Amino acid sequence: MTDECITRNYGVFSSNGAGNRGSIIADNTDAKGCTETVVVGVGGATAASASPLPANKFVARMPVERYASEYNMNHKHRGLALIFNHEHFDIPSLKSRSGTNVDAKELNKALTALGFTVSVHQDCKLRDILKHIEKAALQDHTDNDCLAVAILSHGEHGYLYAKDVQYKLDNIWHYFTATFCPSLAGKPKMFFIQACQGDRLDGGITLEKSVTETDGESSMSYKIPIHADFLFSYSTIPGYFSWRNINNGSWYMQSLIRELNTNGKKYDMLTLLTFVNQRVALDFESNVPATPMMDRQKQIPCLTSMLTRILRFGDKPNGNKAG
């Protein structure tokens with residue numbers, strides 16, 4: 001079976017509103033024969049047992065009042081955004097991810113427009129990913145609002161792929177917990193994952209209008225959990241394919257980019273991601289008549305939120321102050 005298919009995009013990528021039909025492939029992989037590898041990481045530690053970064057494990061600066069409804073997004077800088085873009089792999093069973101460079105380029109522009117300092121890392125081995133992550137975690141984020149990390153790669157349930165090996169996402173995000181990176185404590189840390197989470201397909205269901213339906217339409221110190229204020233947004237639900245257009249990019253990333261560009265400073269992040277779900281769910285469907293099992297398939301992103309406040313990217317006012 002080939003993973004190069006045809007997609008129905010319902011005009012999502014067309015500037016004149018007309019739909020186009022281009023090749024798509026699912027970000028899936030058969031991991032049989034690929035065993036989890038213990039890789040020597042930064043400083044000689046393994047990826048699974050890297051030593052904690054130097055940090056004050058008990059006290060961090062309070063970035064916002066205790067019961068504030070929104071995160072403080074008025075620091076001097078928006079913050080770092082790291083994009084790990086994987087197109088080619090050393091693992092024989094993994095095909096090249098054509099179209100991913102479109103995602104990376106446009107996501108870079110969207111995050112830059114929101115004020116992030118963006119760095120794009122291409123086809124990194126796990127050791128290099130950990131180096132970039134550790135470097136970011138060791139920086140002083142006192143003057144930053146937040147952090148964003150995007151990973152565009154192959155994956156399966158519970159695992160993502162670097163250029164050379166598979167790894168778990170917690171090998172990445174644990175570097176930014178409050179004990180490892182106290183200058184990000186109490187600040188939002190967002191992860192956007194474009195990758196399959198399995199090999200199951202979603203055939204969808206057709207909704208029809210009912211015959212009876214009408215046509216109308218505190219300043220005191222306080223303690224927080226070290227895993228608070230994380231947000232994980234996945235392109236698909238656990239166990240399922242994630243689709244990618246080899247010319248226009250992935251369904252999820254293109255929907256996320258479009259929402260960030262259109263409403264990034266209008267809606268809060270959870271609302272934005274709800275509309276990302278809507279775009280992916282309603283505007284895309286695979287078109288593979290030669291392979292009935294892959295034909296007319298759907299996709300729905302999902303998210304896990306440990307945010308404790310509303311996250312909104314407003315314009316930064318004049319006279320920003322750090323802290």
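A nonpolar core is a set of buried Ala, Val, Leu, Ile, Met, Phe, Trp, Tyr and Cys residues joined through side-chain atoms within 4.5 Å. Buried means under 20% relative accessible area, exposed over 50%, and partly exposed in between, with a 1.4 Å probe and protein chains only.

This is a predicted model, where local features need pLDDT of at least 70, side-chain atom pairs count only at pLDDT 80 or more, and totals for chains, interfaces and linings use all residues. Residues are numbered from 1 along each chain as its sequence is written, and side-chain values use heavy atoms, leaving out hydrogens and water.

**Stop 1: the main core.** Select Met190, Phe192 and Met269. They have the most contacts inside the largest nonpolar core, which has 37 residues. Now colour strand 3 (77–85), helix 1 (100–113), strand 5 (144–152), strand 9 (189–194), helix 4 (251–263) and helix 5 (269–283): each supplies at least two residues of this core. Helix 4 gives the largest share, 6 residues. Helices (H or I, at least four residues) and strands (E, at least two) are DSSP runs, numbered from the N terminus.

**Stop 2: Met269.** Show its contacts (heavy atoms within 4.5 Å). Leaving aside residues up to four places away in sequence, Met269 touches Met190, Phe192, Leu231, Leu260, Leu311 and Phe313.

**Stop 3: the second core.** Select Phe176, Leu184, Ile193 and Phe232. They are among the 31 residues of a second, separate core.

**Stop 4: two loops.** Asp123 sits in the loop between strand 4 (117–122) and helix 2 (126–138). Its phi is positive, about 50°, although Asp123 is not a glycine. Next, go to Asp229, in the loop between strand 9 and strand 10 (230–234). Here phi is positive too, about 75°. Asp229 counts as buried, because its relative accessibility is 2%.
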